[in-house]
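Work through the exercises below with the sequence and the structure open. Try each task before reading its solution.

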Amino acid sequence: LERIMLALLLFFKLLPFAFAEVWTPTEKWNVDWETRYAKWVASPKVHQTIFSCRGRKNCVPGPYDGISADCADVSYILRVIFAYENSLPFSAKNPVASAESKVQRFTQAMTRFDAITAGPKRVVAFANYLGLSLGTETLSLNDSYPLALNRIASGDFYMYKKKGGDNFIRHSYNIKNIDAKGNFNLIYATQASKAAGDPLYERVKQLYTPPVKYRWGFRRYLLPETEIEGTDKVSFLTTRSEEQFSLALTLSEEAFFAHVKKLNATETETTDGILRGKLKELCEQIKERVDIVSKGLAHRAATQLKCMDYTNFDTHSTPSRDGRLKAMVLSLETTWRQGQGDTTILPATLALTSALLDEVPTASSQTDLLAYCPISYKANSVVSLREIVRRVKANLLSSHPNDSLEARWGETSTGRTQCPAFY
Amino acid sequence: MPRFLLNRFVLVGLAVSLAAGLFYIFSTEDVPTPVASTVPVTAPTTAPVLPEGPSPVQKVASLAAALETLKCKDLSPLLDSIDGLKLQDLRQKLAPLGPSTEQTHWENTFYTVDGIAFVWHLVPTESAEGSERWELKHFREDADGPTLIEGRPFLDKRAAMAYRKKIVSNEATMEQKLSWNYGDTLTVTFTAADTVRELRVTSPLFQFDCAKSGCTCEDYN
């Protein structure tokens, strides 16, 4: 009897090892599951602290806490989590496989996570493993396809690659949802947020870099052929299109994204709505810069004002961000100019935009603007958005992380560093 | 019967567990069989079985590739033979054929030591501010997928390549094989002297194979 009991014990002890996979799928991807995936990404289940609660008060870590993700990783990992929760397969091409490699694709069937308890913990390990070799290049080249611009949905992503100096800059934004006006609410991460273990970013953003190459732009996750069945192939074919690349060649940056927005809108957005959206985003981006600059200055102080090496310079400098700020200001100005005399602009919006962009604004409108978007980059001091915009347009902001706080915000031209700039 | 019970992993696991249990019960020595040796090791079945040749869906998925307009007649005159062709020559020959030739997305350098396969994976990554950096990652190819051994960041690709060359050249017996993505797939095997020995291009429209004996090309359409 003792032997039988021990045998049974052994039997049950070994049972979990029978589940060698990260999870065992019982469903197959199809159009219905794609629709459900889109709804899931748009739902509150996908949120900023899904992978990390760092710096958030009253945040309760969820089952996927501990996932470390940069921009493209998020696109992969959201698919992983949804697939796991709904017993669907996951598959991505292994970019380090030779023709002879046994593992040509990373899938939920991988057995290397057996030692980790089955469930979310194993999924977290799998997700972090994927991040070791997958990225923007693999996502755009191997694991996604370009979308028809009128078929963009939650869960799709926008990827760009642009020349920055001698190098290329790449990024990937995940579309959380699209509002009735065709604005994209994006959820995403960066290399910096990954390194810091920060939660994801989520905000409505204007996109600025049109896709100039076929591999980038608006894209959807590509299912391996074996997972697409029957009539779903037709759906796959109808959602795929390369129109965005030819359009991007013929339209200006602003016109391209305006076209995309219009295609995805169910309601026409008034000039008032566009102006309000741009004002809001500008304010948010400047406030975000306050945080980034402050972190850089904290590092500068902690290292006794030593010149930053490449890595720290790279982490705390802001040339791309500052370039985007200027693009936002110019875009706002364009909308403002084109909207002159537009009766749909509400008085409050008119007052705020006038206060920001008119050559001679009224004193009362300045008070309103200060109340709308107070910028405080140093203690006991609040600066108006108009003043920051003036400095942005005059290229007074410094992106060098070794510069003083005042120099970084263009308050003064003194306090500039002699430390090297790496780009 | 619940569907998961039909899962082959479960069945294999159950069978092995039961066998281990029975073995233990009827074994004459009163020494427990080490659990570790009885753990069913399930062979990974990670690679989906793909049909031979590109399917329509694969073709569509790949249409955006730069090679989409090329056919055998475009490549064959250029590459009658690769005998003595240097890697740089190859890049120059392919350059006019497609916009993606200059886009080297990542490079894998494969080698084998004592039967164990390794790969140096050179890949561009984004930095905090969005500037480009390169990372050289060293993976060991295990039966259950690649295992990262080390990763080294570099400021530019040239520095990363120089480092790789230094490391790789230390492996005297190693056969170098470089793959990079040209459109969909372009695999080039070359000797230590950078002379191209084998070239394979798989595009949605054709399969092109080149070796010292000459090149073959098959149009799918």
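A:Cys53 has 13% relative accessibility and therefore counts as buried (buried is under 20% relative accessible area, exposed over 50%, and partly exposed in between, with a 1.4 Å probe and protein chains only). The model is predicted: local features need pLDDT of at least 70, side-chain atom pairs count only at pLDDT 80 or more, and totals for chains, interfaces and linings use all residues. Residues are numbered from 1 along each chain as its sequence is written, chains are lettered from A and ligands numbered from 1 in the order in which they are written, and side-chain values use heavy atoms, with hydrogens and water left out.

**Exercise 1. Describe the disulfide of A:Cys283 and explain what it ties together.**

Step 1. The partner is A:Cys373, at 2.0 Å from S to S.
Step 2. The torsion about the S-S bond of A:Cys283 and A:Cys373 is about 100°, so this disulfide is right-handed.
Step 3. A:Cys283 sits in helix 10 (residues 271-302) of chain A, while A:Cys373 sits in the loop between helix 14 (363-372) and strand 9 (375-378) of chain A, so the pair ties together parts that are 90 residues apart in sequence. Helices (H or I, at least four residues) and strands (E, at least two) are DSSP runs, numbered from the N terminus.
Step 4. A:Cys283 is buried because its relative accessible area is 8%; A:Cys373, at 0%, counts as buried too.

**Exercise 2. State how many disulfides the structure holds and write the pairing for chain A.**

Step 1. Over all chains there are 3 disulfides.
Step 2. With the bonded cysteines of chain A numbered in sequence order, the pairing reads 1-2, 3-5, 4-6.

**Exercise 3. What do the buried residues of helix 4 of chain A pack against?**

Step 1. Helix 4 covers residues 120-130 of chain A and is mostly covered, with 8 of its 11 residues buried.
Step 2. Among the buried residues are A:Val123, A:Val124, A:Phe126 and A:Leu130.
Step 3. The buried residues of helix 4 of chain A pack against helix 3 (71-85) and strand 2 (105-107) of chain A, together with strand 4 (145-154) of chain B.

**Exercise 4. Summarise chain A as a whole.**

Step 1. Chain A has 16 helices and 10 strands, and its C-alpha trace spans about 95 × 55 × 40 Å along its principal axes.
Step 2. Of its 423 residues, 53% count as buried.
Step 3. Of the contacts in chain A with a separation of 6 or more, 67% come from residues 24 or more positions apart; contact means heavy atoms within 4.5 Å.

Key:
Disulfide = S-S within 2.5 Å.
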